[in-house]
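Here are my notes for a first reading. Please keep the structure open beside you and find each residue as it comes up.

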Amino acid sequence: MTDQIRNRIRAIIAEQAMLEPDQITDHSTPQDLGIDSLGLVESIFAIEEEFDISIPFNANEPDKSDFDISNMGTIMAAVERLVAQKAA
Amino acid sequence: MSPKKTGKKADVPAAVSRPSPTRPDGLRRVVITGAGTINALGHDVPTTLAAFREGRCGIGPLEFRDVERLSIQIGAQVHPWQAEDYFNRQQILLYDKFTQFALLAAKQAVAQAGLDFQGALGLRSGVVLGTAGGGLNTWDENYRTVYEEGKNRVHPFVVPKLMNNAAASHVSMEFGLRGPAFTVATACASSNHAMGLAFQMIRSGGAQVMLTGGSEAMLCFGGVKAWEGLRVMSKDACRPFSANRNGMVQGEGAGVFVFEDYEHAHARGADILAEVVGFAMSSDAQDIVMPSAQGAERAITATLQDAGLNPEDVGYINAHGTGTAANDKTECAAVAHAFGHHADRLMMSSTKAMHGHIIGGTGAVELLACIMALRDGVIAPTIGYQEADPECALDVVPNEARDARVDAVLSNAFAFGGLNAVIALRRV
């Protein structure tokens, strides 16, 4: 289940960054992948659509959101948590 | 502001010397002789200026259909609002809310100016208004009709009601303005671009009087839902320049002014609210949403040059000040660069924390704060200010209005799309 979620997120990010999914590691930051602020907002939208979840992210205070966008690992963990909350 | 003046010619003794009707460069001088508004702070100019002085906030819970489906549920809505209080049934069928707002503001401005556009003056007068979304409520209501409710018929006036130029056209019809009339859409800079063009038209001799400003009515389900997507809206408050700011809050309303050839205004003894002395625009040519300090700075510097002002002549700037992380620090950097040492001495406030971001109408409503500064010596505050931000280290007139005499002011507008427009006014 978790691997599947991670693979789906990787595919979304890869498409946004125009890279191959295996080039997206847990340590990659949005900046490393060449994803700017607009690209990030677009990726979050795509993830929301994919998993039918609502992601609490305000571009004005990314550090204060419950959704940690530091790197792909933190993003995936946050999405997993939201998907689990939705299932519960 | 002073009450309405009549259109009577003043008795000016021939021996009294008066300023030249033209500038040293031969261009016509342009003055403001009327102002009108409707926005969340009030249905007219005196109420709005009183709110500016008090630092009153017009932001509250949004009220419209389906608001519970929005994640952003606050805004600066015009309350109370019943179109029937101002317009008859047939007019309401033709006027979207943004047109209604523009007409109300225009009527106030023309009444204050005391102008009658019948005859030759109407041929030499026009209207240029800004709006970003035009008849968005009309789009929203009619999409709901055909998509959600599955109906296959809409009212025959949908197109003339929603088109972006509807407000400008109805204003021209209301007063018989038969010269240049059009609408400018440059997102959040629409009003400033509109007013700048109106100024240039009179200055160059292309028109004698122009009604100008802007109007926006985007507070409907579709309008706010679209903005939510960008994730730049605040869920709780607009706090420009404050370190804990977390986004913009949208407003609605209109501001309309009478811009008039100085000689014409002086000859008829009009009460002059302020002189429009400069305007410049620039494009960042860089990013569709992220602002550029260089682009903003170029517009500010070019406005000072156009106005023949030195940086130290400017006492107050009405900031674009949206309350987003990106705008406010970029704008402060641009002002600091453009003004050098004087940036530490001038005052700069954002009134958006009071009337919300009125998008295509915002520059027009904000010009009222500029006129108040010049005419009444009161600087409107940046309310909602809580924590100093080292990246916004200017005097932002936090939370309380201030008495100060200023001789020249600027009004900034920096739009999505990287389009910048700055206007300069001077006390007469």
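1. Start with one term. A residue is buried when its relative accessible area is under 20%, exposed when it is over 50%, and partly exposed in between (1.4 Å probe, protein chains only). B:Asn327 is buried, at a relative accessible area of 6%.

2. Two reading rules. This is a predicted model, in which local features need pLDDT of at least 70, side-chain atom pairs count only at pLDDT 80 or more, and totals for chains, interfaces and linings use all residues. Residues are numbered from 1 along each chain as its sequence is written, chains are lettered from A and ligands numbered from 1 in the order in which they are written, and side-chain values use heavy atoms, with hydrogens and water left out.

3. Stay with B:Asn327. This residue sits in helix H12 (residues 325–339) of chain B. Helices (H or I, at least four residues) and strands (E, at least two) are DSSP runs, numbered from the N terminus. Contact means heavy atoms within 4.5 Å. Not counting residues up to four places away in sequence, B:Asn327 touches B:Pro291, B:His320, B:Gly321, B:Thr322 and B:Phe414. Its side chain also makes a polar contact of 2.9 Å with that of B:Asp328. A polar contact is a pair of N or O atoms within 3.5 Å; within protein, one must be able to donate a hydrogen and the other to accept it, and residues adjacent in sequence count only if both atoms are side-chain atoms.

4. Now the domains. Chain B is divided into domain 1 (31–274) and domain 2 (277–426); the bounds come from an automatic or database domain assignment. Their centres, taken over C-alpha atoms, are 21 Å apart. How much area do the two domains bury between them? About 4,900 Å², with 69% of it on carbon and sulfur atoms. Buried area is the accessible area (1.4 Å probe) that two parts lose on being put together, summed over both.

5. Look at polar links across that domain interface. The rule finds five salt bridges there. A salt bridge is a side-chain nitrogen of Lys or Arg within 4 Å of a carboxyl oxygen of Asp or Glu. The same interface has 20 residue pairs in polar contact (both at pLDDT 80 or more). On the side of domain 1 that touches domain 2, H8(B) gives the most, with ten residues.

6. Next, the inside. A nonpolar core is a set of buried Ala, Val, Leu, Ile, Met, Phe, Trp, Tyr and Cys residues joined through side-chain atoms within 4.5 Å. The largest has 74 residues, and B:Phe52 and B:Leu425 are among those that touch the most other members. Helix H14 (residues 362–376) of chain B is its top contributor, with nine residues. In soluble globular proteins, nonpolar side chains tend to be buried together.

7. Then chain A. Twelve of its residues are in contact with 14 residues of chain B. The two chains bury about 970 Å² between them, and carbon and sulfur atoms give 45% of that. The rule finds one salt bridge across this interface. A:Glu48 and B:Arg231 meet through their side chains in a salt bridge (2.7 Å, N to O).

8. Last, check the backbone. The peptide bond from B:His79 to B:Pro80 is cis, with omega near -15°. B:Val397 has a positive phi, near 50°, and is buried at 0% relative accessibility. B:Asn399 has phi near 65°. Is B:Asn399 buried or partly exposed? B:Asn399 is partly exposed, at 35%.
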